[in-house]
Amino acid sequence: MGPCGPWPISEKKEEDAVKSAMQQIEYKGKTYKLVFDLNVMEAIQDEYGSIENWGKLTEPEDGGEPNIKALVFGVTQMINEGVDIDNDENGTDEKPLTHKQVARILTEVGLESVTDKVQKSVIDSTADDSKNA
């Protein structure tokens, strides 16, 4: 229930908050959204067995280096989900990025910067789970 009662007034505010919390990567004048939703979670689970397994690879508990293949896979899924959503919402036909294209973006932008944004996307996307319980 929103601050004004049961009316759907707060739904738009919640949607805007989610959009503003979405992480983005800037590369060569283009903005790529990092979307972490059920489609991305499903792809990660299919590839790595669970989100937890993937998380341990992309951010090792011992502070070691991340598994680059796992990181690029996850970011590719997140970027391509953002592209797909934009295509659906705007009637555009932007092509999804390949693993190699995303790896080039990560090289240019910096792994540490992207890893932080991926973490924030995952945290922001899963933090609201309690409201759906």
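Predicted model: local features only at pLDDT ≥ 70, side-chain atom pairs only at ≥ 80, totals over all residues.
Entry 1, helix packing. I looked up how helix 3 (residues 51-58) sits against helix 4 (residues 68-90). Two packed helices are described by the angle between their axes and the distance between the axes. For helix 3 and helix 4 I noted an angle of about 120° and axes 8 Å apart. The two helices are therefore oblique to each other, since 65 to 115 degrees would count as roughly perpendicular and over 145 as roughly antiparallel. On the helix 3 side I listed Trp54, Leu57 and Thr58 as making the contact, and on the helix 4 side Ala70, Leu71, Gly74 and Met78. Sorted by class, this contact of helix 3 with helix 4 has five nonpolar residues, two polar ones and no charged ones.

I placed Asn80 in helix 4. The side chain of Asn80 reaches the backbone nitrogen of Leu97 at 2.6 Å. I also checked Val35, which lies 45 residues from Asn80 in sequence, with a C-alpha to C-alpha separation of 8.3 Å.

I went to the loop between strand 1 (23-27) and strand 2 (30-34), where Lys28 is located. Most residues other than glycine have a negative phi. Lys28 is not a glycine, yet I read a positive phi of about 50° for Lys28. With 71% relative accessibility, Lys28 counts as exposed.

Key: Residues numbered from 1 in each chain as written. Heavy atoms only, no water. Axes fitted to C-alpha atoms, helices over the stretch in contact; angles between N-to-C directions. Helix = DSSP H or I, 4+ residues; strand = E, 2+ residues; numbered from the N terminus. Parallel < 35°, antiparallel > 145°, perpendicular 65-115°, else oblique. Contact = heavy atoms within 4.5 Å. Nonpolar A, V, L, I, M, F, W, Y, C, P; charged D, E, K, R; others polar. Buried < 20%, exposed > 50% of the residue type's maximum accessible area, 1.4 Å probe, protein only. Polar contact = N/O pair within 3.5 Å; in protein donor to acceptor, adjacent residues only side chain to side chain.
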